[in-house]
Amino acid sequence: MKGRVSQIILLGILVLLGIWLWRTLFPNPARVIRKRMLELAQAASFSGKEGLIAKAFNAEQFGSFFDNDVEAIVDVPGRSQQTFSGRAELVQAALGVRTVVGSVAIEFLDINVTVSPDKQSAEVNLTGKARVAGERDFFVQELKFTLKKIGREWLIKKVETVKTLSQNWRPTPGLAAA
Amino acid sequence: MNTEAGPDPSWLQTIVIGRNPRRTLIRTVVLAVACFAIARFILLPIRVQGGSMIPTYQDNRVNFINRLAYLFSPPKRGDVVAIRLAGPSIMFLKRIVGLPGESVAFHEGHVYINGQMLDEPYLRLKSDWEDPPRELGPDEYYCVGDNRSMPQADHTEGKAKRERILGKILL
């Protein structure tokens, strides 16, 4: 009886080890992407203590998450829509923000990943939360990322801000301003 | 001479884990599971942050979202609702002023629905917002905060799809 229990425990351990090994060798794309987005949030955050070289290095590191032909269409609060084309432009913008703003802490919450059936592209919908030094309130923005698998890496092809409360309207025919 | 002055262990045990530890453990587990289920699926605890719902809801107050409020009936005009972004971690707290299919406009800070001025007794602050009339789709609700004294450009407002409305504020 005791021997059988030990066998069952051993079998359970072996099964768990097998699952862990399988997940390590063949990771689920959704899980990989989710981890990558968390790393991106970390790379996009910075403190005011960065020196000039660290700023440039970290901005470049931030750029490594994006494809060369990335397109970013973002609505910055209080500003008009900004469009960035290409990784170089995005890195330049990231460097600019790092120079102007003291520190930013970014968090990505509610990361929803949809992988295409061929597992070569994916869409990510998430909520970005940013705390900027000197600001009392934090900023929130819903974001949509389009990713493509290039080699073994998932790179961001497109970033768009999502208007949670949409202002895209159909004008009412025959009604003037009240 | 005895110098021990600690509390009676049996008395302490009764206070902390009860007379029957097994029963206490079961009660604790049931209570924890019930609290988790209620907080996740029925009454979502929230902390109001920001001033867009002033004066009805002040900054930093704790409240709850009733996720069952619209189980059998659709959202109504005047309801204060939670609108999700990508998920329920962060939500917008807004008031529904326009219902599906209606036309919504702002003139001198007042909301006009299908050309008729909406009576909004909950508003306390003056507003100068202006927006031409625009029509809502079949499953769209027009949501706006109560603090319309702030510049319209700084205030998050607009139409929300029904699927984004997670529930109604409780208190």
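**Notes on the two-chain predicted model**

1. Starting with the helix pair: in chain A of this predicted model, helix α3 (residues 52-63) packs on helix α4 (residues 87-100) at an angle of about 140 degrees, and their axes are 9 Å apart. Axes here are lines fitted to C-alpha atoms, for helices over the stretch in contact, and angles run from 0 to 180 degrees between N-to-C directions. That angle makes α3(A) oblique to α4(A); under 35 degrees counts as roughly parallel, over 145 as roughly antiparallel, 65 to 115 as roughly perpendicular, and the rest as oblique. The crossing of α3(A) past α4(A) is right-handed, where right-handed means the near helix is turned clockwise from the far one by less than a right angle, and left-handed anticlockwise.

2. Who makes that contact? On α3(A) the residues are A:K55, A:A56, A:N58, A:A59, A:E60, A:F62 and A:G63, and on α4(A) they are A:R87, A:L90, A:V91, A:A94, A:L95, A:R98 and A:T99. Contact means heavy atoms within 4.5 Å. By class, the residues of this contact split into seven nonpolar, three polar and four charged (Ala, Val, Leu, Ile, Met, Phe, Trp, Tyr, Cys and Pro count as nonpolar, Asp, Glu, Lys and Arg as charged, and the others, Gly among them, as polar).

3. A:R98 deserves a look of its own. This arginine lies in helix α4 of chain A and counts as buried, because its relative accessibility is 3%. For the cut-offs: buried means under 20% relative accessible area, exposed over 50%, and partly exposed in between (1.4 Å probe, protein chains only). Not counting residues up to four places away in sequence, A:R98 touches A:A43, A:A44, A:S45, A:F46, A:E50, A:K55, A:N58 and A:A59.

4. Next, A:M37, in helix α2 (residues 29-44) of chain A. Its relative accessibility is 1%, so A:M37 counts as buried. Leaving aside neighbours within four places in sequence, A:M37 is in contact with A:F108, A:I111, A:V124, A:L126, A:F145, A:L147 and A:I156. Take A:I111 from that list: A:M37 and A:I111 are 74 residues apart in sequence, yet 8.2 Å apart in space, C-alpha to C-alpha.

5. Now chain A as a whole. It has four helices and seven strands, in the order α-α-α-β-β-α-β-β-β-β-β along the sequence. Helices (H or I, at least four residues) and strands (E, at least two) are DSSP runs, numbered from the N terminus. The radius of gyration of chain A is 22 Å, whereas a compact globule of 178 residues would come in near 16 Å (taken over C-alpha atoms; the globule rule is 2.2 Å times the number of residues to the power 0.38). Its C-alpha trace spans about 85 × 55 × 35 Å along the principal axes. Buried residues come to 33% of the 178 in chain A. Of the contacts in chain A with a separation of 6 or more, 52% are between residues 24 or more positions apart.

6. Chain B has two helices and 11 strands, running α-α-β-β-β-β-β-β-β-β-β-β-β from the N terminus. The radius of gyration of chain B is 24 Å, well over the 16 Å that the globule rule gives for 171 residues, so chain B is more spread out than a compact globule. The box filled by its C-alpha atoms is roughly 90 × 35 × 25 Å along the principal axes. In chain B, 39% of the 171 residues are buried, and residues 24 or more positions apart account for 56% of the contacts with a separation of 6 or more.

7. A few backbone spots in chain B to check by eye. Most residues other than glycine have a negative phi, and most peptide bonds are trans. The peptide bond from B:I54 to B:P55 is cis, with omega near 5 degrees; B:P55 is in the loop between β1 (43-47) and β2 (62-66) of chain B. B:N60 is found in the loop between β1 and β2 too, with a positive phi near 75 degrees and a relative accessible area of 41%, which means partly exposed. B:E108, in the loop between β5 (103-107) and β6 (110-113) of chain B, has a positive phi of about 50 degrees and is exposed, at 52% relative accessible area.

8. Housekeeping. Residues are numbered from 1 along each chain as its sequence is written, and chains are lettered from A and ligands numbered from 1 in the order in which they are written. Local features need pLDDT of at least 70, side-chain atom pairs count only at pLDDT 80 or more, totals for chains, interfaces and linings use all residues, and side-chain values use heavy atoms, with hydrogens and water left out.
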